[in-house]
Amino acid sequence: MSRADTFFWVLLPYVTLTSFVVGHVWRYRRDGFTWTARSTQLLERRLLLVGSYAFHLGILGVIGGHILGILIPNGWTDAIGVSHDLYHWVAIVAGGAAGVLLSLGAIVLVYRRLKIDRIRATTLRSDWVMYPLLLVTILLGMLCTFVGGLVDEYDYRETVSPWFRSIFTLQPKGNLMVDAPFVYQAHVTIAWLLYAVWPFTRLVHVWSVPVGYLARSPIVYRAKRGATRTALR
Amino acid sequence: MQVRAQIAMVMNLDKCIGCHTCSVTCKNVWTNRRGTEYMWFNDVETKPGVGYPKQWENQERWKGGWELKGGKLRLKAGGRLRKFATLFFNPELPTLDDYYEPWTYDYETLTTAPTSKHQPVAQPESQVTGRPLDLQWGPNWEDDLAGAPEHARLDPNLRDGVEEQVRLEYEKAFMFYLPRICEHCLNPSCVASCPSGAMYKRVEDGIVLVDQEQCRSWRMCVSGCPYKKVYFNWSTGKAEKCTLCYPRIEAGQPTICSETCVGKIRYLGVVLYDADRVQEAASVADEKDLLPAQLSLFLDPDDPEVREQARRDGIAEDWLDAARRSPVYALAVKHRVALPLHPEYRTLPMVWYVPPLSPVMSLVEGPGSEADPDDVFPAIDELRIPIEYLANMLTAGDPEPVRVSLRRLAAMRGWTREKNLGVDPDPALAAAVGMEPREIDAMFRLLAVAKYDERYVIPQTHGEIGLSPYARQGACGLDFEGGPGSCGALEKAKDPFGAEPLAAPGDGRGGGSNVAFLDFRKAT
């Protein structure tokens, strides 16, 4: 591996992961006040309705696809009798659909942020870093799905996926990425940058999905005196 | 029985002159920061009118508060699963235009314009975008029925035949002012709507607050509150609401809106209630039973059994004392002249109103004439417009409690006039409204003489049971952008890439750096 390869396929992932973990801990401890989704629905609702639903439902599908294609080894799907072709077409059709929804949502949201005065006024500097990274990552991902899936077929589950998993087992196999097509290389590299800035952007709201709400008593009471009294129901 | 104490408020609408002093002092204290310009924790609406935000009382549209479904109490906007389904987009959230887009004026033009034939004009510009704004709506746009022929018809209280009468009688237009703050409800739907658990009701005094550190911008509280008294700060992305001026209340002082009220219309006091029966009271089948149900929650502070249980539940002696002298308990429970605002929302609101007698009196009397009960009582019964309109607002449509309240107020006027004229008032007058003479005198003293320390009976918070105030010294000012919050940290890390949004409108205040703060998380 060349020096550049080592940088992109070994060093960058670890730098990113460090920034990701330490950044989150730092932000949460230092600054709970800014830990928010920063909704802009008060200022504009029509475009948000389309953009937000498309983006969020799309991203949930895309995350599912990445778990299937990146985190789950080839051998496991083979073992339960999923043929290569079946996987391939599921990835393209389902993944492609989720990706199209996601891209549509992202484009609407970025358009809204740029073109609607009120939204632009509430745009933070961190947004000007985060949104381009997010948009480029998504568009490169779409290229991977359609170019790498249909035009010039490439089995990333033999290279990109094991490389990604190897990072977390602390045995980074950077050489697997050296010969991957450029769109895959670009997609993962921009994605690492996105993860590196993640803790410093509004994306932290992802970790605040209010699951506790499902189990909580409706009315929350807080007492000055030590423990909170139990709620009414 | 589990006894809890709540600081509650009564406003005497008969004495409100609509001067907006409460709104202005509240705004100067709490909402003069970026992102909060459009918020009025206290606002004064002219009724009939659409209100602020527009048509806030129309719960078919906004789905605030609770409803009874299959005998069970549930949020009108749907349960927990629907909250999750609408996290990405809350269909019931008002937009800024339902309130109004806040603006300032381009004052600079006035001083920098070159010499010309005509005077330069300061154009309005949006405080959100900084761009010129074509003003279509604003705070108190419909003050004193301004634009009423166009807008007032949209008042959601004009229903059940009342709208017909209003049209027919418009030459005799009636109006009154309705000052509104957060109701600090016993059964707050905003709290139940908050997915993050950032909203809470304080056990000691019942004040409902938003934890600025825990709010995650899901904005369900804004739509969940039927009174639309939780607002969304578009700059910080957090919900904010009326705090009942808790720093003042804790020190035994009235809220700033009460303190500065020109007409002395506001009363603050302790009410003891049975916390075990809150849900039961909010769940009665008939909406018209909600008022009696809520009244039944309030416990008599003179009852030894209640006092004994209150002590066991940790309520201090000075609070029990204050509860006995509470003007709120007196007006709402003893005299039955104060009524809750929209009890049909089932939140059990704790800011109550003495309905205005003036619209009735002005129709019956004409300026300067005497309030002879023989004229006024039939008038109260016959004047369907104010009575039913008030009933739609204060008693879920039941005219009887409104009638009782107005008759008592009228009787009090007649009674006191006789006394002033040196005549012994006829006890039959008191009996006609079911009151003892001394009760009428006590009510007169409270409503008309209205001494400061009788209007505000606020026991101090027992600081010894909580966090040391020294640790919090200077921790949470509001004199800079973004507060209230983790103030100190905020200055530096509002946005890790820089403190200001890139396209910030130039309000010239910036992130004020001269705030001394002490990080209480470290200090404790």
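The exercises below apply to a predicted model.

**Exercise 1. Describe the contact between chain A and chain B by residues, area and polar interactions.**

Step 1. Chain A contributes 57 residues and chain B contributes 87 residues.
Step 2. About 6,500 Å² is buried between the two chains, with carbon and sulfur atoms giving 58% of that area. Of the area that chain A buries against chain B, 15% is supplied by Phe33(A), Leu42(A) and Arg222(A), more than by any other three residues.
Step 3. Between the chains there are 31 residue pairs in polar contact, both residues being at pLDDT 80 or more. The salt bridges between chain A and chain B number four. In a salt bridge, Glu101(B) meets Arg118(A) at 2.6 Å, N to O.
Step 4. Several elements of chain A supply at least two residues each to the side that touches chain B, among them H1(A), H5(A) and H6(A). The largest share, six residues, comes from H2(A). By class, this side of chain A has 28 nonpolar, 13 polar and 16 charged residues.

**Exercise 2. Decide whether His184(B) is buried or exposed, and describe its surroundings.**

Step 1. His184(B) is placed in the loop between strand E7 (176-180) and helix H8 (189-193) of chain B.
Step 2. His184(B) counts as buried because its relative accessibility is 2%, and the cut-off is under 20%.
Step 3. Beyond four places in sequence, the contacts of His184(B) include Gln6(B), Cys242(B), Met350(B) and Lys201(B).
Step 4. A polar atom of the His184(B) side chain lies 3.0 Å from the backbone nitrogen of Val208(B).

**Exercise 3. Decide whether Pro425(B) is buried or exposed, and find which residues it touches.**

Step 1. Pro425(B) sits in the loop between helix H20 (399-420) and helix H21 (427-432) of chain B.
Step 2. With 12% relative accessibility, Pro425(B) counts as buried.
Step 3. Residues up to four places away in sequence are not counted; Pro425(B) then touches Trp415(B), Glu418(B) and Lys419(B).
Step 4. Pro437(B) is 12 residues from Pro425(B) along the chain, and their C-alpha atoms are separated by 9.0 Å.

Definitions and conventions. Residues numbered from 1 in each chain as written. Chains lettered and ligands numbered in written order. Predicted model: local features only at pLDDT ≥ 70, side-chain atom pairs only at ≥ 80, totals over all residues. Heavy atoms only, no water. Helix = DSSP H or I, 4+ residues; strand = E, 2+ residues; numbered from the N terminus. Buried < 20%, exposed > 50% of the residue type's maximum accessible area, 1.4 Å probe, protein only. Polar contact = N/O pair within 3.5 Å; in protein donor to acceptor, adjacent residues only side chain to side chain. Contact = heavy atoms within 4.5 Å. Buried area = accessible area lost by both parts, 1.4 Å probe. Salt bridge = Lys/Arg side-chain N within 4 Å of Asp/Glu carboxyl O. Nonpolar A, V, L, I, M, F, W, Y, C, P; charged D, E, K, R; others polar.
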